[in-house]
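Student: I would like to go through this structure and ask what stands behind each label.
Tutor: Go ahead, one label at a time.

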Amino acid sequence: MSTLAGRPGSALWLLGNELRLYWRRGRMGPKSGVIILGGILALWLVMSFLIFRAVGPRIPPPPLGHESLDAAVLASVTVAAGFIASVMISQAILGVVEAIYTRNDLDLLLSSPLSPWTVLIVRSSAIAVGVLPLYAGLLGPPVIWLSVFSSPLWFSALPALAALAFAATGLGLLIVTALFRTIGPKRTRIFAQILSALTGAALFLSVQYFNITSHQTSSATREQAVHWFARLHIDPGAIWLTPARAMTGDVAALLVWVAACGAVFVVGVFLFSRRFVSDAAAASTMGVRRRAGIDTRVARVRAGVTRSIVRKELRLLWRDPVLLSQIGLQLVYYVPLLLVVVQFNHDGATQPIVRALAPAFTLLASALAGSLIWITVSAEDAPDLVASAPIPPEKLERGKILAALLPVAALMVVPLVVLLIEAPGVAAWAIGGCIAAAASSALIGLWRRSQGSRRDFFRRRRAGTLVSRLGQTIVTLTLSATVGFGVYGYPWLAIIPGIMAAAITIALYKPRAERG
Amino acid sequence: MTSDPTLALRVRDLAKTYGDKRAVDGLSFDVRRGELYALLGPNGAGKTTTLRIVSGLLDADGGAIDVFDVDALTDPIAAKRMIAWLPDEPMIYDKLTVWEYLEFVAGLWGIDAKTAATRAEDLLKLLGLWDNRNDRCESFSRGMKQKAVLAGAMIHEPKLLMLDEPLTGLDAAASRFVKDLLRRKVDEGAAVILTTHILEVAERMADRIGIIKDGRLLIEGSLAELQARAGAAGQSLEDVFLSLIGDDGGAAPGDNPAIEAAK
């Protein structure tokens, strides 16, 4: 009766089950998400084919590491791999935290005659495989065509990338295990979320900081940059360039790299599995907090339908540490903006950069509003209660959206007021962009809602609905582009992305009866 | 429909289809004021669907529903003001205290603050949760959560209380408590409809019992009436129930001799 490959109970069979669950997670319907994803991938495959059919024959075959220019290429690949690794580790940390805190079927698996080691190595492998699709989708088509039109050795990038995913998962397991040992189950969940964000953003922030603070580098010519790089005297055969060599066709380096990554993964799983059962048990009881004595306070009851809904949603948002850490994460990516503001205060000559604040604030407001509206509108622990209340559904939805937008307004008001004082024209575009972003996020969140309980939202937040997330992202970007064109003095050009944003928002409309 | 002051709920020819399946198929029944009505049936009989339609959570494909003479299909808001619905799983906000939960529910039903505070205090004291009023619901046992939800259902003093499997997962003491509370509401003049698979509960508590299958009402009446009409005098409700729906392998009501006898 089994439709999975491998002998029932074997690691292969279990991995098949894990991947099946991974594929079916979230609410990605075959009619929408898969078609869109398949379409994008097919388009990318064709584009890559056209590009590499033209340039591939002119790219010399690997391995690199023998000429001075190779050092620059290997260093660039190392930076790119470092960026991918930081994001992979970030994703792996979230995957491991989810494995501990969202037990799901682990009780069933661990109570079966399967060895816990098999169960955990398969689940950890599933985490590693789970972080791969984005990079495999992005890099796979170019690497495949490069292998066809230049040299098959270029194909080494893909196994090297897969090995990197396993190493990142091993590191994620080690980090979460260490956090559990040092700060306990309750803090681990929040801290791991923050760490995941910081890890993912670390390289990005460093590059941004470097770009913003080093004026001379940003305005340097290509020759100056090459000269600067040559002074670093990087040896193409250096050990720290092994991952880059593995990704660029050096078979020996690839073997070393795969072995090293495999070792990190196995050590990670081994140390994680030693205490997994007790850690998971500790995590499952951490939410229960009983008071030592009776709390005799009697809080004042406040009435009003909309105010009751707003109060309840704000309380739930405020008391969700995972959510707060995820919002904190989004804010982390806007730290470079603060650097711009700091520069603005000390250097009046940075007007062009200050103008960038308007689209950046639009981006921030849209991202925050999108996240919060998605949660307040879609996550509802008592849907029957609110649906059976004698209030029109529109009133309930208005209350939920208001509750989501209040924190966004609270976060945005100070920087916008400062901007209004310092640069009123820029502020006007920024305020308009923020209002449009809030409105489009509200409509998308409402029309594309996917109701479920807050309890399982930790999982669903990551899966979401592909169409709504894609739509929200495109609307966010097009609105930012609208504001960007406007603030840089091209209002007629701003109309194009503005119309696109409106059209995409309207295209995402769903009649009430078809909403989740 | 004609007005009848003794009726709390009147359901006529109710229909609901999911794809090809007729979950509720021309169902008609009445529940009187001050009556506890048990709606019984095998899994998938249409009990929960029926109650969710009455609560305004699902749209009916056809039929009519009057709640205290208010047409629930054309004026669901007015009907909802008089109804409380408790699903089988206690739906509660883990991160709210029980006091905040009651404040929220009272707000949804538009109860003024002073009345809400008084009723919340009375209910929490009655249900033994007063000392836990500032504890978040995440720390509650299932029984405490069920009581908290019950308090929420009663804070707007509903005239029609509908409960889906209200005793699932409760210990003996909590179960007894809920039963006593429902009986008290009935004695005060409210109407209570409950679904349950624990037939002894229906046997002991219900004034009248309706048994449905495949979305259709097979039989209804007091236990004695059911026994008499099914030709099962002196037998338990379980025997009556099983003789009506138990071993017929999913045959239509017209094929079952017990049902024909009951009619």
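**Labels and their cut-offs**

Tutor: Of the 14 residues of helix 13 of chain A, 10 are buried, so this helix is largely enclosed by the rest of the structure. The model is predicted: local features need pLDDT of at least 70, side-chain atom pairs count only at pLDDT 80 or more, and totals for chains, interfaces and linings use all residues. Residues are numbered from 1 along each chain as its sequence is written, chains are lettered from A and ligands numbered from 1 in the order in which they are written, and side-chain values use heavy atoms, with hydrogens and water left out.

Student: Which residues of helix 13 of chain A are buried?
Tutor: Among them are A:Val305, A:Ile309, A:Arg311 and A:Leu317. Buried means under 20% relative accessible area, exposed over 50%, partly exposed in between (1.4 Å probe, protein chains only).

Student: Why is A:Cys261 called buried?
Tutor: Its relative accessible area is 2%, so A:Cys261 counts as buried. A:Cys434 is also buried, at 10%.

Student: How many disulfides does the structure hold over all chains?
Tutor: It holds 0. A disulfide here is a pair of cysteine sulfur atoms within 2.5 Å.

Student: What makes B:Gln227 buried?
Tutor: Its relative accessibility is 14%, so B:Gln227 falls in the buried class. B:Gln227 lies in helix 8 (residues 223-229) of chain B; helices (H or I, at least four residues) are DSSP runs, numbered from the N terminus.

Student: Which backbone oxygen does the side chain of B:Gln227 reach?
Tutor: That of B:Gln235, at 2.4 Å.

Note on methods. Helix = DSSP H or I, 4+ residues; strand = E, 2+ residues; numbered from the N terminus. Polar contact = N/O pair within 3.5 Å; in protein donor to acceptor, adjacent residues only side chain to side chain.
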